[in-house]
Amino acid sequence: DRMQKHCAEYVDFVLVEKGVGYPGGKWFDPMNFAKDEKKFLELQKKEIANGRLAMVAILGIAAQTYYTGKGPLVCLGEHIKNGVNIFS
């Protein structure tokens, strides 16, 4: 519990107080959407969530490649070539 609190404090320090790292670094908000601290923290959390979703997607691509022995673009090409309609 103490270690978890220490890690959380360190992450807050690095991402928020120091303003380094990503998300939260120099180029995190180049269009200045986060005009206040609350909005900045909201965008930061969304960026972390999107990064986690992207990692899950990459895991899915790796699993598909392992299972089929073909890359994602080959599988997509075969799917399109077969003319399978997923909406029918």
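Reply: **Surface patch and salt bridges**

Leu76 lies in helix H3, which covers residues 72-82; helices here are DSSP runs of H or I with at least four residues, numbered from the N terminus. The model is predicted, so local features need pLDDT of at least 70 and side-chain atom pairs count only at pLDDT 80 or more, while totals for chains, interfaces and linings use all residues. Residues are numbered from 1 along each chain as its sequence is written, and side-chain values use heavy atoms, with hydrogens and water left out.

Together with Leu73 and Ile80, Leu76 makes up a nonpolar patch on the surface, and the three residues have about 350 Å² of accessible area together (Shrake-Rupley method, 1.4 Å probe, only the protein chains shown counting as cover for residues). Such a patch takes residues with over 30% relative accessible area and no salt bridge, nonpolar side chains being joined within 5 Å and like charges within 9 Å. Leu76 itself has a relative accessible area of 45%, and is therefore partly exposed, a class that falls between buried (under 20%) and exposed (over 50%).

Turning to the charged side chains, a search of the whole structure finds three salt bridges, each being a side-chain nitrogen of Lys or Arg within 4 Å of a carboxyl oxygen of Asp or Glu. In one of them Lys39 meets Glu42 at 3.9 Å, N to O; these two residues are three apart in helix H2 (residues 37-68), and so are separated by about one helical turn. Glu42 also forms a salt bridge with Lys46, where the closest N and O atoms are 3.1 Å apart, and this pair, four residues apart in helix H2, is likewise separated by about one helical turn. Lys39 is partly exposed at 31% relative accessible area, as is Glu42 at 33%, and Lys46 belongs to the partly exposed class at 44%.

Another salt bridge joins the side chains of Lys70 and Glu78 at 3.1 Å, N to O. Lys70 counts as partly exposed at 32% relative accessibility, and Glu78 counts as partly exposed at 32%. Shared partners, in turn, link the salt bridges of Lys39, Glu42 and Lys46 into one network.

Conventions
Buried < 20%, exposed > 50% of the residue type's maximum accessible area, 1.4 Å probe, protein only.
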